[in-house]
Amino acid sequence: AAGYNLRKLLRWIVLAPIFWLWCRLTATIVTQVTPQSRLDVLEPVPVGTPKSRSPRPKRIFQGRLFSGTLLLLLALAVSNSVTAASETLTWTMDGVERSALVFTPADAPKSDVSPVVFAFHGHGGNSRHFARNASFQTAWPEAIVVYMQGVPTATMVDPEGKLPGWQRDPGELGNRDVKFFDLVLATIRKKYKIDDRRIYATGFSNGGVFTYLLWAERPNIFAALAPCGSLPRPTLRITVPKPVFIVSGQKDPLVSLANAERSIAFAQKVNHASNDGESGNDGTVLYKSKEGTPVETLVHPGGHMLPPAAPKLVVEFFRKYELRPKIVLNGTQ
């Protein structure tokens with residue numbers, strides 16, 4: 001809470017004076033431009049007499065509007081830099097260089113442990129682009145957000161495997177990306193102070209498929225997951241209930257609504273969730289589970305995309321869940 005309040009204070013310190021200057025600039029624009037425009041309306045000019053207008057107000061308007069907008073953009077950039085710091089970590093794995101873009105809370109106390117969100121881009125995407133568009137680090141500034149980078153992977157839409165992506169099935173490609181995830185997580189644990197009870201995974205499209213794969217292959221690591229614009233592969237054996245948030249598009253040409261509904265029903269079965277959903281004001285539907293492993297969905301009207309509202313909703317979902325302690329009975333777990 002203290003870190004959050006400090007972050008808000010720093011943002012106000014950065015934004016307040018620049019916003020004040022922007023208001024002064026726009027006020028000056030109004031005083032310079034409005035009188036001239038009123039004269040044009042209130043004092044008709046005889047027919048045949050050209051109007052005499054000074055170009056100066058227009059120049060003032062353009063110049064000061066540009067300056068004010070530039071200052072606001074600069075303020076936003078600075079305030080975002082106050083929120084999180086980023087670095088690129090690299091590894092060499094089986095002779096291939098791999099990387100991940102990591103965002104860390106800028107003002108987290110050294111004694112605090114942070115939640116971790118792993119985010120996986122779609123096929124043909126990259127970690128930086130996904131970080132810029134999804135911006136989970138902005139939605140959850142107290143968390144460490146790890147955008148892992150895929151490598152060239154053959155798929156139905158990319159049979160030659162020229163674009164970066166992720167393995168989809170257990171053991172595929174020598175279990176390449178699951179091993180990479182293990183390596184990245186081990187590094188994150190050594191390099192940062194993380195809360196092992198609050199580790200999450202989300203991904204879009206091919207990255208969402210990989211999220212399902214991690215649910216099957218590494219279920220005991222995650223407190224909750226959020227696959228978006230994707231389907232679980234039939235080869236997966238997902239048996240451990242986990243809170244899951246699923247994002248689908250009504251007009252998605254790659255993941256039909258019928259298939260998306262089947263994936264939701266599959267998650268409901270695994271999580272022992274109710275078939276009766278509770279609709280929220282934000283477009284979500286919550287299917288509760290007596291085991292504390294609900295299924296929540298967001299079915300947006302668009303196509304194969306991550307809607308702008310999704311990252312915030314995913315983070316709000318993640319914040320509710322952490323790994324439950326293991327129950328020990330008679331010395332056994």
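**Helix packing and cores**

Reply: This is a predicted model. In it, the buried residues of α7 pack against α6 (206-217), β9 (244-249), β11 (284-287) and β12 (295-300).

Me: Which residues of α7 are buried?

Reply: Ala260, Ser263, Ile264, Ala267, Gln268, Val270 and Asn271 are the buried ones in α7. They sit on the same side of α7, because the arc they cover around the axis is only 165°.

Me: And what does the face turned away from that buried side carry?

Reply: Arg262 and Lys269, which are exposed.

Me: What span should α7 have, and how far apart are its end C-alpha atoms?

Reply: Helix α7 has 15 residues (257-271), so at 1.5 Å a residue the span should be 21 Å. The end C-alpha atoms are 21 Å apart, which agrees.

Me: What happens just after α7?

Reply: His272 comes there, with a positive phi of about 55°.

Me: What does Thr211 touch?

Reply: Not counting residues up to four places away in sequence, Thr211 touches Phe120, Ala201, Thr202, Gly203, Leu225, Ala226 and Pro227.

Me: Phe120 and Ala226 in that list: which cores are they in?

Reply: Phe120 belongs to the largest nonpolar core, which has 42 residues. Along with Phe118, Val146, Met148, Phe181 and Ile188, Phe120 touches the most other members there. Ala226 is in a second, separate core of 30 residues, which also includes Val117, Cys228 and Leu298.

Me: Take Ile188 then. What is Ile188 in contact with?

Reply: Leaving aside neighbours within four places in sequence, Ile188 is in contact with Leu89, Val102, Val116, Val146 and Ile194.

Me: Where is Val102, and how far is its C-alpha atom from that of Ile188?

Reply: Val102 is in strand β2 (residues 96-105).

Me: What is the relative accessible area of Val102, and what else is in contact with it?

Reply: Val102 has a relative accessible area of 0%, so it is buried. Besides Ile188, and with neighbours within four places in sequence left aside, its contacts are Ala85, Ser86, Glu87, Leu89, Ile144, Val145, Val146 and Tyr192.

Me: Change of topic: Asp169. Where is it?

Reply: Asp169 is in the loop between β6 (164-165) and α5 (176-191). At 13% relative accessibility, Asp169 counts as buried, because the cut-off is under 20%.

Me: Which side chain does the Asp169 side chain make a polar contact with?

Reply: That of Arg233, at 3.0 Å. Apart from neighbours within four places in sequence, Asp169 is in contact with Leu213, Arg233 and Thr235.

Me: Some totals to finish. How many helices and strands are there, and what share of the residues is buried?

Reply: The chain has eight helices and 12 strands. Of its 333 residues, 44% are buried.

Me: And what about contact range and accessible surface?

Reply: Among contacts between residues at least 6 apart in sequence, 65% join residues at least 24 apart. The accessible surface of the chain is about 18200 Å², and 58% of that belongs to carbon and sulfur atoms.

Terms used
Residues are numbered from 1 along each chain as its sequence is written. This is a predicted model: local features need pLDDT of at least 70, side-chain atom pairs count only at pLDDT 80 or more; totals for chains, interfaces and linings use all residues. Side-chain values use heavy atoms; hydrogens and water are left out. A nonpolar core is a set of buried Ala, Val, Leu, Ile, Met, Phe, Trp, Tyr and Cys residues joined through side-chain atoms within 4.5 Å. Buried means under 20% relative accessible area, exposed over 50%, partly exposed in between (1.4 Å probe, protein chains only). Contact means heavy atoms within 4.5 Å. Helices (H or I, at least four residues) and strands (E, at least two) are DSSP runs, numbered from the N terminus. Accessible areas come from the Shrake-Rupley method with a 1.4 Å probe; for residues, only the protein chains shown count as cover. The expected span of a helix is 1.5 Å times one less than its number of residues. The arc is that of the directions from the helix axis to the C-beta atoms. A polar contact is a pair of N or O atoms within 3.5 Å; within protein, one must be able to donate a hydrogen and the other to accept it, and residues adjacent in sequence count only if both atoms are side-chain atoms.
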